[in-house]
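This report examines the side-chain organisation of one protein model. It treats the nonpolar cores, then the aromatic rings, then the charged groups.

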Amino acid sequence: MYIVMKASVINILNQAKTDIQSNMAKFGINASGRTSASLVVEEYENGVRLVSRGENIAPFPTLEVGRKGGKVPKGFYYTLIQWSRDKGITFATESERKTFAYFLSQKIASEGTERHRNPNTEVYTPIIQSVKKEIGNIFFAKIIQEIKIHVK
């Protein structure tokens, strides 16, 4: 029975991954696609989980709520230069791209990102809530089954 439960959880998490990736595309959150591609369902010693793995990817919570204003990470300017390339934003010169990245980093430091000012909690929150409910139902059904077996 454990194998059936585990397979069900894996299927639920794989569907959640696909749904989150679809929402990222639908809401225009993808720049390079690295964060979307980094989502994986993995088994580990205590079970199965859906995680975001990789380098140079957005922190997962920022997909919905963005980044608040404040000190920016070291090298953030370079991250924004690459982000502008990944987004397909064109400039007449590379110098203009660097100027844009500099002023954008200053704006984000003072005000946060646009997504922080206008969050979208539809990217993954409803999916996670649904996953929790589905997995909870699987375990609840298993507990009821075990009780019925042992009560006889």
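## Nonpolar cores

The largest nonpolar core has 17 residues, and Leu13, Ile20, Met24, Leu63, Val123, Val131 and Ile135 touch the most other members. A nonpolar core is here a set of buried Ala, Val, Leu, Ile, Met, Phe, Trp, Tyr and Cys residues joined through side-chain atoms within 4.5 Å. Buried means under 20% relative accessible area, exposed over 50%, and partly exposed in between, with a 1.4 Å probe and protein chains only. Two or more residues of this core come from each of α1 (2-26) and α7 (125-151), and α1 gives the most, with 7 residues. Helices (H or I, at least four residues) and strands (E, at least two) are DSSP runs, numbered from the N terminus.

Val131 touches Ile12, Leu13 and Ala16, not counting residues up to four places away in sequence; contact means heavy atoms within 4.5 Å. A second, separate core of 5 residues includes Phe76, Leu80, Ala101 and Ile108.

## Basis of the model

The model is predicted: local features need pLDDT of at least 70 and side-chain atom pairs count only at pLDDT 80 or more, whereas totals for chains, interfaces and linings use all residues. Residues are numbered from 1 along each chain as its sequence is written, and side-chain values use heavy atoms, with hydrogens and water left out.

## A buried loop residue

Ser38 lies in the loop between α2 (34-37) and β1 (39-44). With a relative accessible area of 4%, Ser38 is buried. Apart from its neighbours within four places in sequence, Ser38 is in contact with Val51, Ser52, Arg53 and Ile57.

## Aromatic pairs

A search of the whole structure finds 4 aromatic pairs. Rings of Phe, Tyr and Trp (its six-membered ring) pair if their centres lie within 6.5 Å; planes under 30 degrees apart count as stacked, over 60 as edge-to-face and the rest as tilted. In one of the pairs, the rings of Phe60 and Tyr124 have centres 4.7 Å apart and planes at 35°, so the pair is tilted. Phe60 is in the loop between β2 (47-52) and α3 (62-65) and Tyr124 in the loop between α6 (114-117) and α7, so the pair ties together parts 64 residues apart in sequence. Phe60 is partly exposed at 22% relative accessibility, while Tyr124 is buried at 13%.

The rings of Tyr77 and Tyr78 have centres 5.0 Å apart and planes at 75°, so this pair is edge-to-face. Tyr77 is partly exposed at 24%, and Tyr78 is exposed at 60%.

## Charges over rings

A charge sits over a ring if NZ of Lys or CZ of Arg is within 6 Å of the ring centre and within 35 degrees of the ring normal. Arg49 lies over the face of Tyr44, at 3.9 Å from the ring centre. The charged end of Arg67 sits over the ring of Phe76, 5.5 Å from its centre.

## Salt bridges

The structure holds 10 salt bridges, each a side-chain nitrogen of Lys or Arg within 4 Å of a carboxyl oxygen of Asp or Glu. Arg49 forms a salt bridge with Glu42 (2.8 Å, N to O); Arg49 is partly exposed at 29% and Glu42 is buried at 19%.

Arg97 and Glu94 form another, with the closest N and O atoms 3.4 Å apart. These residues are 3 apart in helix α5 (residues 94-111), and so are separated by about one helical turn. Lys107, Glu111, Glu114 and Arg117 are linked in a network of salt bridges, in which Arg117 and Glu114 have their closest N and O atoms 3.1 Å apart.
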